[in-house]
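Work through the exercises below with the structure in view. Try each task before you read its solution.

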Amino acid sequence: MVGTQIAARDLFRAAYENRYTWDAAFPGYTADVTFTHNDQVHSGQVKVSADLKLEVSGIADEAAQKMVHGQLFEVSIHRVRREFEDTHGNNTFSYGETLADGSVEILMGGKSEGDRYQLKDNEVSMVHRHIHGVVVTIHTYSSHNTGSGYLSHRYDSVYHDPKTGEQKGGLSDFEDEYTEVGGYYILSRRSIETGVDDDTDKQEFVFSNIALIAA
């Protein structure tokens, strides 16, 4: 049993450490943004500082500004390098199923009891996590290989009530594109399509004129 725990932990750790993150020298960047929400188009500027403080300016519509800020936050928080032990030191790991496509399921115990992941080709291909009172499930279908870690390309996400299992909101399909600027990969486009009743909510965020902040 101990051997299984160690092996599952090592497999998960390798995939965890294979994610692309910005290093400690990341200087931050500025960019222009065009946000299209269904038929509404909003343009402005964004700034992500070296300490990942976010600024969105030039967008008069408050709701649109918050949506741009929210996506910048989601992207930036995943570029932060956190040591494995800091994030998962209080968790245990064991193997679940091996799927038909070769993906291996990792079941979490300890602090993250009830969470589970799927790993394939040294990447996390599925996340099932309890977070902020809901369960989020994310399936990744393709990724970008940067040469220094992977970035998700096409994936979807859905939320469920942790007690009843009832779906909360629609399934969202994502597609991300990245541009390399000064040795750093930075999001240049994200599209999100979410099923809402019998309709589809469409969002597209395009970041252009991306420039690193000079030291």
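Two strands count as paired if DSSP finds at least two bridges between them. Keep in mind that the model is predicted.

**Exercise 1.** Find how strand 2 and strand 3 pair, and over how many bridges.

*Solution.* Start with strand 2, residues 40–49. Strand 2 and strand 3 pair in the antiparallel sense. The pairing runs over 4 bridges. That meets the cut-off of at least two. Now look across the pair: V46 stands opposite V56 in strand 3.

**Exercise 2.** Give the order of the strands in the sheet, and name its edge strands.

*Solution.* The edge strands are strand 3 (54–57) and strand 4 (91–98). Each of these pairs on one side only. From one strand to the next, the twist averages 20 degrees.

**Exercise 3.** State which strands helix 2 lies across.

*Solution.* Locate helix 2 at residues 62–77. Helix 2 lies across strand 1 (28–37), strand 2, strand 3, strand 11 (184–196) and strand 12 (199–212). Its angle to strand 3 is about 150 degrees.

**Exercise 4.** Describe the setting of E85: its helix, its accessibility and its contacts.

*Solution.* E85 is in helix 3, residues 84–88. Its relative accessibility is 41%, so E85 counts as partly exposed. Set aside neighbours within four places in sequence: E85 then contacts R9 and R13. With R9, the side chain of E85 makes a polar contact of 3.2 Å. R13 is 72 residues from E85 along the chain, yet their C-alpha atoms are separated by 9.3 Å.

Conventions:
Residues are numbered from 1 along each chain as its sequence is written. This is a predicted model: local features need pLDDT of at least 70, side-chain atom pairs count only at pLDDT 80 or more; totals for chains, interfaces and linings use all residues. Side-chain values use heavy atoms; hydrogens and water are left out. Helices (H or I, at least four residues) and strands (E, at least two) are DSSP runs, numbered from the N terminus. Axes are lines fitted to C-alpha atoms, for helices over the stretch in contact, and angles run from 0 to 180 degrees between N-to-C directions. Contact means heavy atoms within 4.5 Å. Buried means under 20% relative accessible area, exposed over 50%, partly exposed in between (1.4 Å probe, protein chains only). A polar contact is a pair of N or O atoms within 3.5 Å; within protein, one must be able to donate a hydrogen and the other to accept it, and residues adjacent in sequence count only if both atoms are side-chain atoms.
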